[in-house]
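Here is a short report on a protein model.

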Protein chains: 2
Amino acid sequence: MADEKLTPRNVDFSEWYNQIVQRAEMADYAPVRGCMVVRPYGWALWENIQQALDKRFKETGHVNAAFPLFIPMSFLEKEKEHVEGFSPELAVVTIGGGEKLEEPLVVRPTSETIIGYMYSKWIKSYRDLPVLINQWGNVVRWELRTRLFLRTLEFYWQEGHTAHASEQEAREETMRMLSVYADFAINEGAVPVIQGVKSQTEKFAGANMSTTIEAMMQDTRALQSGTSHFLGQNFAKAFDIQFLDVNNTLQYAWTTSWGLSTRFIGAIIMTHGDDQGLILPPRLAPIQAVIVPICKSEPETAAVMEVVKRVQAELKATGVRVKVDDRTEVTPGFKFNDWEMRGVPLRIEIGPKDVEKGSVALARRDIPGKAGKSFVPQTGLAATVTDLLVDIQKSLLERATAFRDSHIFNPKDYAELVEVVQNGWAYSYWCESTGCETKVKEDTKATTRCIPLGQEEAPGKCIVCGKDASHKVYFGKAY
Amino acid sequence: MADEKLTPRNVDFSEWYNQIVQRAEMADYAPVRGCMVVRPYGWALWENIQQALDKRFKETGHVNAAFPLFIPMSFLEKEKEHVEGFSPELAVVTIGGGEKLEEPLVVRPTSETIIGYMYSKWIKSYRDLPVLINQWGNVVRWELRTRLFLRTLEFYWQEGHTAHASEQEAREETMRMLSVYADFAINEGAVPVIQGVKSQTEKFAGANMSTTIEAMMQDTRALQSGTSHFLGQNFAKAFDIQFLDVNNTLQYAWTTSWGLSTRFIGAIIMTHGDDQGLILPPRLAPIQAVIVPICKSEPETAAVMEVVKRVQAELKATGVRVKVDDRTEVTPGFKFNDWEMRGVPLRIEIGPKDVEKGSVALARRDIPGKAGKSFVPQTGLAATVTDLLVDIQKSLLERATAFRDSHIFNPKDYAELVEVVQNGWAYSYWCESTGCETKVKEDTKATTRCIPLGQEEAPGKCIVCGKDASHKVYFGKAY
């Protein structure tokens with residue numbers, strides 16, 4: 001498989017993506033329509049994502065817990081917008097232990113309702129607040145058009161659910177977690193996301209306000225990569241989450257929720273990959289460096305493997321995630337292709353000449369061919385490799401940022417907007433009316449991605465209708 | 001809640017257990033019958049269990065992956081014993097996206113079938129073997145009588161699924177993972193389990209041989225705490241897992257599976273807890289030491305908190321999981337009860353006199369009252385605490401082992417067996433016939449727990465029928 005050429009990105013981006021996911025052994029199709037198997041290499045990447053996020057959640061005061069997979073159908077119906085948003089996508093258990101259930105159980109599409117119910121039991125006083133809980137788990141949404149990692153019936157994610165004594169605290173939490181996601185995406189994933197607020201049309205079903213990190217893929221489509229929602233008192237009222245405040249008055253709590261899923265693996269693939277395969281950011285890569293011994297005869301092998309083992313031990317001791325590919329049934333060339341397909345950031349080649357000279361050859365995954373190759377001494381190799389991994393991480397982010405920025409346009413009028421969103425995003429004033437948003441969608445298939453944070457409050461005119469607008473928004477086609 | 005006395009173990013063990021689980025905030029009942037919410041404190045314990053196991057799985061060459069929650073009903077039917085064993089316990093999804101499904105989907109009760117299907121796709125040659133995959137996840141079994149952690153509709157576990165080229169390798173894997181479980185239970189959980197082989201009646205539905213680690217709870221009931229199964233070629237034949245061997249001949253693979261679940265939290269509670277609450281083994285405890293500042297006036301508080309912060313920082317730097325209870329709305333006495341209920345292994349009290357003397361008071365959770373209390377210098381405290389935690393871990397294991405051994409009997413005849421299994425286990429020769437096993441069960445409710453490994457092969461007479469027997473077995477009532 002590793003020997004077969006990938007369909008190039010510019011020929012068929014979608015086919016390129018599907019091939020990479022399968023050939024790099026990230027995921028596979030399950031025998032149930034729309035479900036995926038995350039293979040060990042893909043899951044190892046997800047475990048690194050989990051660790052990087054979980055560390056940030058705990059640093060910001062959150063704890064993990066686990067809530068049930070099954071939710072009574074009646075729970076979803078308690079929040080009007082929520083049930084309208086999710087009911088077309090539900091998987092429903094109607095039989096348990098051989099008998100028809102009195103009340104059908106929904107396989108959770110998200111857990112606001114069942115967690116809201118538990119919070120109403122646990123929260124009595126302002127002293128019980130804030131409640132800052134996260135859950136790692138699986139959820140199910142009955143999607144019709146599915147793609148591995150991007151949209152599957154079952155997917156893996158984390159969902160944070162917090163309850164606060166005041167609106168301000170809940171709003172601050174919403175923005176804090178958005179910035180945690182942005183920090184993670186940019187500094188761990190090398191995915192230069194843009195933080196912003198979703199339009200009313202695009203927000204989460206049941207939220208007052210949704211925020212998002214939006215990433216641009218190499219086909220210039222937007223990928224919503226993580227969301228953080230301010231839920232107001234909507235779920236508190238639906239589930240009776242009330243507490244006695246400092247004045248002994250009963251108040252409804254203010255809640256938030258926020259999630260990031262295995263979809264982010266899709267973001268990494270489509271941000272960094274090239275026509276040779278995956279390119280993984282070193283900070284998240286399950287294997288950061290692969291050592292390929294190059295030897296033809298028995299005596300050569302013994303000498304080379306001695307150096308290989310030593311280098312492996314040194315790198316491991318420095319904390320580099322290193323693997324030795326000592327397969328004998330395939331050629332070094334096959335191995336090169338194989339690890340390029342799997343996106344290992346750095347390849348270390350060690351042959352008989354390297355043993356003689358006390359050197360190794362390094363090949364950067366992000367710079368193909370001779371330009372990415374260097375010959376360095378074995379002495380001090382751990383430091384060389386560590387520095388190089390930092391540099392690769394940085395280069396990936398720079399490259400993706402440059403790509404993104406060169407595909408964001410500032411169209412002068414509506415006609416130009418219609419044109420630019422065919423191959424990029426438009427960054428334009430918008431009057432925030434659903435009418436103008438819908439018109440763009442109907443004309444171009446592009447949707448509003450987000451109103452970015454921190455923009456200057458200069459007035460402008462809506463690119464669609466020409467009326468007064470106070471913010472700019474990104475328009476782009478999305479996954 | 002922490003102020004209320006627990007029902008003592010000798011009054012009602014089952015009620016004692018239920019109260020501890022709730023009052024220590026380990027878990028709560030969900031609004032769906034038989035489902036549980038694992039609260040943050042319980043989940044933190046599970047995360048430590050996961051880490052301790054996952055490290056051992058990776059050291060023995062396993063990798064993690066994720067397989068779908070949903071399994072087509074037809075898959076379960078491919079292995080006769082398997083479907084017979086599991087069909088009464090299934091939750092079935094019949095509606096997806098608002099439409100009736102053509103083939104109902106089972107919510108996985110265990111994943112041999114769907115993983116078997118994937119293995120048949122992935123495994124082609126002996127070079128692809130062994131496949132050593134583990135999955136952390138949730139499963140559902142429609143149980144009628146449920147108890148938090150011990151038996152719930154949904155529970156959390158890991159399930160390992162491996163495929164091998166030879167019977168011997170698969171048998172070795174089965175025993176390797178059994179010993180990994182035993183090592184984990186004994187050395188991390190301080191739960192002195194006994195390793196052994198299950199009878200044909202008690203084995204996993206679809207296995208050739210099941211092995212188990214069995215623990216004795218303080219009410220002398222047995223808790224099956226982890227199992228490892230040799231599946232022969234049963235699932236390989238049902239799912240067509242075939243490979244070309246070194247001679248280019250098509251062969252069926254040999255498979256194993258093994259699992260340990262959140263039930264182990266129940267084992268920890270019922271092995272170590274006392275009438276004041278939970279007692280957690282230091283190696284798994286989410287909080288290993290809690291610091292309670294004791295001060296009455298403002299100036300006292302400032303001086304005490306300075307020492308508290310310094311001690312906290314020193315302990316944290318040494319790797320101790322430490323928490324400061326600086327709540328002002330409750331008394332130190334309330335805090336003592338609270339942390340005793342939650343089973344924190346060590347309490348550190350720091351008051352104004354300690355500030356003066358450069359000392360702290362330590363209270364061991366496993367030894368109540370004055371006997372467990374000591375006054376030690378602040379200098380060198382990190383080392384003192386670390387040593388004490390090791391000692392507490394050791395003492396818990398010794399105490400549990402002594403309890404277990406004093407409740408294992410060697411009855412001289414069947415009448416005595418009937419008697420001893422009312423308050424302990426019988427360790428007796430058994431002819432391995434289902435008839436004798438069933439008679440014991442009908443007469444006493446005790447079942448065969450396991451034929452322990454490594455027993456001498458001295459011949460004996462079955463305690464039930466008097467016929468020749470080559471092994472001894474444990475009989476005991478079980479959870």
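Five nonpolar, five polar and one charged residues make up the lining of the largest cavity. This is a predicted model. Rolling a probe the size of a water molecule over the atoms shows where empty space is left.

**Cavities**

The structure holds two cavities of 30 Å³ or more. The largest cavity has about 80 Å³ of space. Its lining residues include Glu112(B), Tyr119(B), His161(B) and Phe235(B). Three elements of chain B, namely α5 (112-122), β8 (154-164) and β14 (254-261), each supply at least two lining residues. Of the elements, α5(B) gives the most, with four residues.

Now take the second largest cavity. About 70 Å³ of space lies in it. Among its lining residues are Glu112(A), Tyr119(A), His161(A) and Phe235(A). Here α5 (112-122), β8 (154-164) and β14 (254-261) of chain A each supply at least two residues. The lining of this second cavity has five nonpolar, five polar and one charged residues.

| Cavity | Volume | Element giving the most lining residues |
|---|---|---|
| Largest | about 80 Å³ | α5(B), four residues |

**Two chains**

How can chain B be laid on chain A? A turn of 180° with a shift of 0.0 Å along the axis does it, and the RMSD is 0.0 Å. That is the relation of a two-fold axis. Within chain B, Val93(B) comes closest to the rotation axis, with its C-alpha at 2.0 Å. Next, the interface. Of the interface residues of chain B, 100% are also interface residues in chain A, so the copies meet through the same surface.

**A sheet in chain A**

Chain A has an open sheet of five strands. The order is β16-β15-β17-β18-β19, and the pairing is mixed. Which strands stand at the edges? They are β16 (322-324) and β19 (373-377) of chain A. Each has a single partner strand, so one side of each is left without a neighbour in the sheet. Neighbouring strands are turned by 25° against each other on average, direction ignored.

Strand β18 (residues 359-364) of chain A pairs with β19(A) in the antiparallel sense, over five bridges. In one of these strands, β19(A), Ser374(A) is the bridge partner of Leu362(A).

Helix α12 (residues 381-405) of chain A lies across β17 (346-350), β18 and β19 of chain A. The helix runs at about 10° to β18(A).

Technical notes. Residues are numbered from 1 along each chain as its sequence is written. Chains are lettered from A and ligands numbered from 1 in the order in which they are written. This is a predicted model: local features need pLDDT of at least 70, side-chain atom pairs count only at pLDDT 80 or more; totals for chains, interfaces and linings use all residues. Side-chain values use heavy atoms; hydrogens and water are left out. Copies are superposed by least squares on the C-alpha atoms of residues with pLDDT of at least 70 in both. Contact means heavy atoms within 4.5 Å. Two strands pair if DSSP finds at least two bridges between them. Axes are lines fitted to C-alpha atoms, for helices over the stretch in contact, and angles run from 0 to 180 degrees between N-to-C directions. On a 1 Å grid over the protein atoms alone, a cavity is a set of points where a 1.4 Å probe fits but cannot get out, and a pocket is an open set with protein on both sides within 12 Å along at least five of seven lines; lining residues have an atom within 4 Å of a point. Grid points are joined across faces, edges and corners, and a volume is the space filled by probe spheres set on the points. Ala, Val, Leu, Ile, Met, Phe, Trp, Tyr, Cys and Pro count as nonpolar, Asp, Glu, Lys and Arg as charged, and the others, Gly among them, as polar.
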